[in-house]
Structure formats: structure tokens, C-alpha cells
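Visitor: I am new here and would like to learn how to read this structure. Could you walk me through it, one feature at a time?

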Amino acid sequence: PTLTCYDSKAPTLQYSSRDLAAHTKLKFRQTGQLTKEELENIDLKEELLKAEREHFEKIQGEQLHEAGAVGENQYTETRHQLLLETAALDKDDITVNSVFSDEEEEEDDTAALLLELEKIKKEHAEKKERIELKKMESAERGLSHFYFLNTTIYIIVVSMSEKD
């Protein structure tokens, strides 16, 4: 009989998918995706300042529109007038509100402190009550245990004296 022997050391033509190279292509940024050249050409600080300027101009324009300003002179006059009015209102608010708010805060604080004090007193009373109950229970257990020990000793003594 002829024996056929397969050489297992010979290279095979089959490859596993795990043996193959993966992700062999790199992606590059396309135009419009902020490439290095585009970033170098953009002045970010100028864009920020421009956006802030537009925002504040929009806000001031809305305030002046609400106040009824139309022309350039009215614009500056109205703006100045608005600043004076708001400054005066701020001064009034600070003086009036500070007097009332201090008194109200003191009353609120006092009420809150009294509630907290009552709560603490209740907790202390409950704690003392629990401790007293534990002491009484332990005393009762101790007495019953002592009574049990005394009866056992008495029984032992009685039984010993009867044997004599």
C-alpha cells in the first residue's frame, strides 16, 4: 500500500479576512471643511468683534425703536435720556429695596431659625426617650437573667443538700 503524505509546512493560497490589511486609505479634508489654508486666511478675532458690534447695535436699535427715536440727533438724545433714567431708577431701587429687603430677610431668617430650633429640640427629646427605653429593656433583661441564675443556684443547692 502506498501512503500519501501531505506536507503541512507548504504555503497555502487561502487567506483569512483578519490577515488582510484594513483601512488602507486616509481621508483628507475637502474645501469648505476648514483646511489649514482656509484657517490661515480667516481672521477669527475680527469676526468675533464684528459679530459683537452687530449684536449690540441690534439691541440698542430695538431699545431706541421702543422709545420712539427716529433721526440721528434723536438717537443720541434718546440714548442719553435712557441712560439717565436707568441710572436714576437704579439708585431708587437700591435705596428703597435695600431697606425693605433687610427687614424682611431678618424676619425670614428669624422664622427659619425658630423652626430649626424646634426641630432640633424634638430630635433631642426623641433621642432621650429611645435611650431611656433601651435602659429599661436592658434592666428588665438583666433582672430576669439574674432571677434565672438565682433559681438555678437555689435548685442546685437544694438538690445537693438533699443528696447528703
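**A guided reading**

Guide: Let us begin with His23, which sits in the segment before α1 (36–41). A helix here is a DSSP run of H or I with at least four residues, a strand is a run of E with at least two, and both are numbered from the N terminus. The model is a predicted one, where local features need pLDDT of at least 70, side-chain atom pairs count only at pLDDT 80 or more, and totals for chains, interfaces and linings use all residues. Residues are numbered from 1 along each chain as its sequence is written, and side-chain values use heavy atoms, leaving out hydrogens and water.

Visitor: What is the phi of His23 near?

Guide: Most residues other than glycine have a negative phi. His23, though not a glycine, has a positive phi near 55 degrees. Leu34 also has a positive phi, about 55 degrees, without being a glycine, and Leu34 too lies in the segment before α1.

Visitor: Is His23 buried or exposed?

Guide: Buried means under 20% relative accessible area, exposed means over 50%, and partly exposed is in between (1.4 Å probe, protein chains only). His23 counts as exposed because its relative accessibility is 81%. Leu34, with a relative accessible area of 43%, is partly exposed. Across the chain of 164 residues, buried residues make up 2%.

Visitor: How many helices and strands does the chain have?

Guide: There are three helices and zero strands, so the pattern along the sequence reads α-α-α.

Visitor: Which side chains meet in a salt bridge?

Guide: A salt bridge is a side-chain nitrogen of Lys or Arg within 4 Å of a carboxyl oxygen of Asp or Glu. The structure holds one: the side chains of Glu46 and Arg53 meet at 3.8 Å, N to O. Glu46 is partly exposed, at 40% relative accessibility, and Arg53 is partly exposed at 43%.

Visitor: Where is Asp108 placed?

Guide: Asp108 is in helix α3, residues 72–163. Asp108 counts as exposed because its relative accessibility is 53%.

Visitor: And what does UniProt place at residues 103–137?

Guide: The unreviewed UniProt entry places a "coiled-coil region" there; such annotations may be inferred rather than shown by experiment. In the model, the span of residues 103–137 is 100% helix and 0% strand, and its end C-alpha atoms lie 51 Å apart.
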